[in-house]
Amino acid sequence: MNAYAPQALADPVGLEPPRPTRGRGSSLWGWRLRDQLILLAAWGAGIGLCLIAGAIVLYMGIRGFQYLRPDLLITRPQAGVDQNGAGGFLDPLVGTAVLTLIGISIALPLGVCAAAWIVEYGQGGRARQSLARLVESSIEIVAGTPDIVIAIFGLAVFQLGVLGPLSSRSESGVVTGHSFIAAGATMSLIALPPLFAATREGLQAVPAQVREAAFALGKTRIATIRRVLIPSVRSNIATGATLGISRIVGDTAIVIVVLAEGAPRNEAVGSTPVLGFLRGTGSSLTSFVYGNSPAGEGNSPTKAYAAAFVLLLFILALNGIVGLIARAHARSSGFDVGEARL
Amino acid sequence: MDPAQITRPTQAPLASLPAQTPPSRPPARGRAGGAALLARLRRPWGDRRAELALGAVSLLICLAVGAMVALVALRAWPTFTHNGLAWLGSGGDVDRQIEGMVATSNHPPASAYHVRAWPLLYGTLLSTGLALAVALPFSLLSSIFIVEFAPKLVRKVISPVVRLLASVPSVIYGLIGILVLVPFVGNHLVTIPEKRSLIGTVELTGASVGVAALILAVMITPIMVALISDALAAVPNAWREGALALGVHKLRATLAVSLRAIRPAIVAATALACARALGEAVMISMVSGSISFAPSLGHGPLTFLAEPVRTFASSIVDNHEGFGGAPALDSTLYAFALLLLFSAIVLSIGAYLIKLPLRRYQAAR
């Protein structure tokens, strides 16, 4: 029979479109061994990341419940360096709060003003653009600078004779540069980058029509910023501020170098009530943990664990606040404002 | 309507508005200076004044950064004039040299500035290098997992986890290191013959470059994961789909197309993580033994990892109590800080420049 016979052409088997089959790569088992191993490693890395975080939180939680007693939170530390007896960490708690307050109240206006200037004014003209680039890269540099370098920069600044009234003097009349004011002001530098970045991102995400509508209603640029833009990026500012606070709360190097004087008690200078305290030396939770770990001089690991647990709770809470703000904002926002990055 | 107003350029009415609106209250001329100033500040600001004020605040930040570089360099200057750049070289025990500086008076002789910090430089590079060697593959794999393979539920969990790991204070990492990992390494991993082989040179307690590098890797991984997974997620879908259409599977497409496309971002993330690792002070000072010992591979690879080390940053923390007492010590520590500052600036500028080509397609998206 002729192979080219019409009935062969009509053979439905030859003309039917190929039945969809599962491709070679669609089943995991068809992969090359190397690829399977890489995939396994990727899963392992991802799960490992979660496990590490879980292990840290769990371990600190167990130790915290083991060693944290309520009276530790409300009693002052012992006067000496050695913390092996009675006494809690009230002073470090107060110190952390005061440092956070000083640091964020300096960083907040700086960060918001700089972001507003860069986004709203920094585009007009070449001179402004290059100035804006300069400001952005300075903040970038601050963000990349190790906190120990920022710490000894702060010390160098507040050891200048002119700034003597902000800290105390040693017996020989040398300005020590150790004080809450000095440490708080230094802290503002490490809180600045996340605040600035979050505010800038928020402002950039505000659609141009919002500004144009405000201008059309006769508002000036600055009035638009104050009445329209800043309120609309409030949640970004809050996110940035929270990130900044968690940086301040968690920083050790600045406290050790600029604030602490060995013993964990907050020592006021002079008799003026508030100013004396702010000019005095002290400690924070982080420096208390450092001082009472085997690396420090206090060497009381149980108290170090307890204080570190409280510190970790603060950090977890701040992280939670960031998440809450983002979620609340995603629900309520009229226009899309990007979530602040890490 | 006033014809003059119609012919004006559109911007002008906005700019001149505050001048036209009368102050809501009569100017407080008779009152005290402070109150008058407050009243003036309360009035709506002119655009020009507001811009100047905001710009001045921004410039303040630039000034602070400039002051930081200048002040640290100024304080470090004596070390450079007395040692040249030779202080980065080797020679003698740097711990002993620094201890000797504490004792020198307020007017130290030129010899007091003598320092040879090679062990510190070596320790810094070693701990950073080891940490990066662990963290880079780990964070590449976990970024691929997060962006490409993680089930929705896991993805929801993992991003807060990364954020948490990034925000755990270094002192907590250090505490876990010194109270858990260091005793574990010292008691179980380091064998007695190993300890004996180094008697007289150094004591192997477990506080070591290995532990420091491991914790450092955990600390820098979240930074790298955040940057790399951002970049991975930003690769245009069409690129990957093109590869998939050619018949490769998802992982191959990711490895061959996405990873190749974001190479600049990977390098940039590594540079930023490197800057973070170089400057980590408190954690390293807690777990690395704080002895400026130079670990040597000649002692065997495991012993090598168990040997103590000291970095520039951790030696600043370890000697912070000497600040203000001896100018020679101050100057030396500021020289360390200047080196860290310099490398941080170079690394962050480098990261910025490397990432520039990525904007090409990110802008097109």
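Helix H14 (residues 285-292) of chain A is largely enclosed by the rest of the structure, because eight of its eight residues are buried. This is a predicted model. In it, 74 residues of chain A are in contact with 78 residues of chain B. The largest nonpolar core has 202 residues.

**Helix H14 of chain A**

**Contact between chains A and B**
- The contact joins 74 residues of chain A to 78 residues of chain B.
- Helix H3 (residues 33-67) of chain A gives the most to the side of chain A that touches chain B, contributing 15 residues.
- By class, that side of chain A holds 53 nonpolar, 17 polar and four charged residues.

**Nonpolar core**
- Ile152(A), Ala308(A) and Ala337(B) have the most contacts inside the largest nonpolar core, a set of 202 residues.
- Helix H10 (residues 209-233) of chain B gives the most to this core, with 19 residues.
- Leaving aside residues up to four places away in sequence, Ile152(A) touches Val257(A) in chain A.

**Packing of H5 and H8 in chain A**
- Helix H5 (residues 90-121) and helix H8 (residues 180-205) of chain A have axes that come within 6 Å.
- The two axes cross at roughly 35°.
- The crossing of H5(A) and H8(A) is right-handed.
- Residues of the contact of H5(A) with H8(A) comprise 24 nonpolar, six polar and one charged.

Definitions and conventions
Residues are numbered from 1 along each chain as its sequence is written. Chains are lettered from A and ligands numbered from 1 in the order in which they are written. This is a predicted model: local features need pLDDT of at least 70, side-chain atom pairs count only at pLDDT 80 or more; totals for chains, interfaces and linings use all residues. Two residues are in contact if their C-beta atoms, placed from the backbone, lie within 7 Å. Helices (H or I, at least four residues) and strands (E, at least two) are DSSP runs, numbered from the N terminus. Ala, Val, Leu, Ile, Met, Phe, Trp, Tyr, Cys and Pro count as nonpolar, Asp, Glu, Lys and Arg as charged, and the others, Gly among them, as polar. A residue is buried if 20 or more other C-beta atoms lie within 10 Å of its own, exposed if 12 or fewer, and partly exposed in between; C-beta atoms are placed from the backbone. A nonpolar core is a set of buried Ala, Val, Leu, Ile, Met, Phe, Trp, Tyr and Cys residues joined through C-beta atoms within 7 Å. Axes are lines fitted to C-alpha atoms, for helices over the stretch in contact, and angles run from 0 to 180 degrees between N-to-C directions. A crossing is left-handed if the near helix is turned anticlockwise from the far one by less than a right angle, and right-handed if clockwise.
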